[in-house]
Amino acid sequence: MSTKVMIADDHSLIREGIKQLLEFDGSIEVVSEAANGVECLDKLEHHIPDILLLDINMPEKNGLEVLDEIKKKEYDVKVLILTVHNELEYLLRAVDIGVDGYILKDSESAELKRAIQSIMSGENYIQASLIPALNNRLANRDIDKDKIDLLTSRELEVLIQVANGLINKEIATSLNISERTVKNHVSNIFKKIDVSDRTQAAVFAIKNNIITLF
């Protein structure tokens, strides 16, 4: 029996190319397509394929938002992200949400089919070139968790505001505390998470999903 696939990508030429590639030997059938995140979720309400090939950059809802919705609604579908994004933050976010596979659009067609086969057999599939950086980051997260645990709830609130680009005066107003108190909190945060400026603090917050860009 053929594997039933849905393709969600905002470029029709890419969808058509993937469809032809996948259906070439008859083992895979593309049963549905979507050009944006909202359309993808609408179609999943009526028909669940075996695997969803999901792009990240899509209008209305991006692929990571779609993946999050799928997991919250507990749809019985495997999700393979197929993207141009090789940045680790996208991969980490996808892994955290619970993606089944993640490969890049510059992969060989054989790797795409291999990823689909692996996922259908119950395994996760991450493109080999991405695995060393992913493992390194996940290992470092254990260290970062220790740093996060040092922060008080108020310091965590301040870190979120810093990571979102607010200056001390804005944070003071938002949290109804003095600027001096904010300054003290920021200084303590920098020491506890071992950073030297607000940009590094923002990167720390994003890396550890204290805030998300997606």
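**Exercise 1.** Find which residues His85 is in contact with, leaving aside its neighbours within four places in sequence.

*Solution.* Start with the ground rules: this is a predicted model, where local features need pLDDT of at least 70, side-chain atom pairs count only at pLDDT 80 or more, and totals for chains, interfaces and linings use all residues. Residues are numbered from 1 along each chain as its sequence is written, and side-chain values use heavy atoms, with hydrogens and water left out.

Step 1: go to the loop between strand S4 (78-83) and helix H4 (88-97), where His85 is found. Helices (H or I, at least four residues) and strands (E, at least two) are DSSP runs, numbered from the N terminus.

Step 2: look for contacts, meaning heavy atoms within 4.5 Å. His85 touches Ile56, Asn57, Tyr90, Tyr102 and Leu104.

Step 3: check the burial of His85. Its relative accessibility is 10%, so His85 counts as buried (under 20% relative accessible area, with a 1.4 Å probe and protein chains only).

**Exercise 2.** Work out which residues of helix H2 (residues 37-46) are buried, and where they sit around the axis.

*Solution.* Step 1: pick out the buried residues, which are Gly37, Cys40, Leu41 and Leu44.

Step 1: Handy to remember: an α-helix has 3.6 residues a turn, so residues three or four places apart point the same way.

Step 2: see what covers them. The cover includes strands S1 (3-8), S2 (28-34) and S3 (51-54), and helix H3 (63-73).

Notes. Buried means under 20% relative accessible area, exposed over 50%, partly exposed in between (1.4 Å probe, protein chains only). The arc is that of the directions from the helix axis to the C-beta atoms.
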